[in-house]
Amino acid sequence: MATDVTTPVDSSERSADTVLSTAGVTLRFGGLTVLDDVNVTMRRGEILSVIGPNGAGKTSFFNSLTGVYTPQQGKITFRPRSGGEKQLLGRKPHLVNRMGLARTFQNIRLFGALTAIENVKIAAETRLKSDPVSIMLGLPRARKAERASDEKALTLLRFVGLESKLNELAGSLSYGDQRSLEIARALATDPEVLLLDEPAAGTNPTEKLELEQLIRRINAELGVSVLLIEHDMRLVMSVADRVVVLNFGKKIAEGTPSEIQRHPAVIEAYLGSGADDAAAVEEMIAELEAEHPAQDGADGAEEDQ
């Protein structure tokens with residue numbers, strides 16, 4: 001589906017069917033198992049967050065989904081709106097992107113010497129239906145495609161709040177604006193699933209609030225499913241529909257944010273199981289519940305055996 005930021009997606013169009021799933025994904029580097037039989041199902045139209053302590057395998061999971069790494073075992077299946085199933089395991093990153101998955105990175109990867117609009121146009125032009133000869137000769141088809149990429153880039157910059165900075169060099173933007181620009185660039189490739197790898201890293205409280213609102217708008221207005229890796233638990237608990245927890249490469253829990261807050265395996269993974277941690281656990285739960293009260297009727301969290 002093309003990303004049209006001018007036409008909100010009717011919530012009734014969303015469904016509970018699967019858009020992305022992994023089955024038995026196992027990734028090893030030599031004798032080190034980074035991902036161990038990971039099974040995750042992402043529903044179309046949801047915001048799914050993957051959390052876990054440092055070294056849990058979160059970014060390796062993202063890299064496996066997007067073709068940066070090739071797991072030795074398992075299946076990664078993408079189901080586009082157009083129908084059918086596409087296997088992602090072993091695909092090159094640019095082919096995964098072309099299928100409908102886009103991502104951002106922990107470390108911002110913008111072209112610092114290019115302007116904001118040029119950064120977004122580079123991504124938008126990957127979807128141009130114009131051949132190199134037409135572009136070199138300046139044929140009408142190429143000029144039309146160029147105008148379309150200009151319009152798309154401007155629309156996306158407006159969507160993320162950077163319209164006034166479209167001609168500023170990416171490297172001169174504030175850290176929070178660079179994060180927003182990277183998201184705009186990812187959206188320019190028309191994804192059905194957007195993978196955000198620690199988008200709040202390095203941002204201040206105001207920028208975190210703006211990011212939270214932006215993620216919600218991407219999901220609600222564009223109809224893009226969002227897969228989020230994030231260490232900021234307040235952001236996770238505020239935006240995620242469901243949460244998957246990894247620890248030492250294994251999935252140890254899955255459930256709604258309110259369930260994950262009290263899940264014993266999650267508390268142990270983050271804080272340890274000793275009696276000395278009891279006060280810290282209670283304090284963490286109290287803080288999270290104060291900001292994001294648990295909802296009644298939530299489904300039970302799953303714990304892998």
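Me: Is D37 buried, partly exposed or exposed?
Reply: In this predicted model, D37 sits in strand β2, residues 32-43. Its phi is near 55°, a positive value in a residue other than glycine. Buried means under 20% relative accessible area and exposed means over 50%. Because the relative accessibility of D37 is 43%, the class is partly exposed.

Me: Is D190 buried or exposed?
Reply: D190 also has a positive phi without being glycine, near 60°. D190 lies in the loop between α6 and β7 (193-197). The cut-off for burial is under 20% relative accessible area. At 16% relative accessibility, D190 therefore counts as buried.

Me: How many helices and strands does the chain have, and what share of its residues count as buried?
Reply: The chain is built with 11 helices and 10 strands. It has 305 residues, and the share of them that count as buried is 50%.

Me: Among contacts between residues at least 6 apart in sequence, what percentage join residues at least 24 apart?
Reply: A contact here means heavy atoms within 4.5 Å. Of the contacts in the chain between residues at least 6 apart in sequence, the part that joins residues at least 24 apart is 70%.

Me: Where in the chain is confidence lowest, and where is it highest?
Reply: The chain averages a pLDDT of 83, and 77% of the residues score at least 70. Helix α11, residues 278-291, has the lowest mean, 52. The highest, at 97, belongs to strand β4, residues 73-78.

Me: Which element gives the largest share of the lining of the largest pocket?
Reply: The largest pocket holds about 500 Å³ of space. Two or more lining residues come from each of α2 (93-99), β6 (101-103), α3 (116-124) and α6 (175-187). The largest share is 5 residues, and the element that gives it is α2.

Me: Which residues lie nearest the centre of the largest pocket?
Reply: The lining has 20 residues. By class, they divide into 10 nonpolar, 5 polar and 5 charged. Nearest the centre are P93, N97, R103, F105 and T189.

Me: Which residues of α3 are buried?
Reply: α3 is among the elements that give two or more residues to the lining of the largest pocket. The helix is mostly covered, with 7 of its 9 residues buried. Those residues are A116, I117, N119, V120, K121, A123 and A124.

Me: Which element gives the most residues to the lining of the largest cavity?
Reply: The structure holds 1 cavity of 30 Å³ or more, and the largest cavity has about 40 Å³ of space. At least two lining residues come from each of β1 (18-29), β2 and α1 (58-65). With 3 residues, the element that gives the most is β1.

Me: How many nonpolar, polar and charged residues are in the lining of the largest cavity?
Reply: The lining consists of L20, S21, T22, V40, M42, L48, F61, L65 and L227. Leu, Val, Met and Phe count as nonpolar, and Asp, Glu, Lys and Arg as charged. The lining therefore divides into 7 nonpolar, 2 polar and no charged residues.

Me: How many Å apart in space are V243 and E254, C-alpha to C-alpha?
Reply: V243 is in strand β9, residues 242-247, and counts as buried because its relative accessibility is 0%. Not counting residues up to four places away in sequence, V243 touches L48, S49, I51, V236, A253, E254, G255, P257 and I260. V243 and E254 are 11 residues apart in sequence, while their C-alpha distance is 5.7 Å.

Key: Residues numbered from 1 in each chain as written. Predicted model: local features only at pLDDT ≥ 70, side-chain atom pairs only at ≥ 80, totals over all residues. Heavy atoms only, no water. 1 Å grid on protein atoms, 1.4 Å probe; cavity = no way out; pocket = protein on both sides within 12 Å on 5 of 7 lines; lining within 4 Å. Points joined across faces, edges and corners; volume = space filled by probe spheres on them. Helix = DSSP H or I, 4+ residues; strand = E, 2+ residues; numbered from the N terminus. Buried < 20%, exposed > 50% of the residue type's maximum accessible area, 1.4 Å probe, protein only. pLDDT = per-residue confidence, 0-100.
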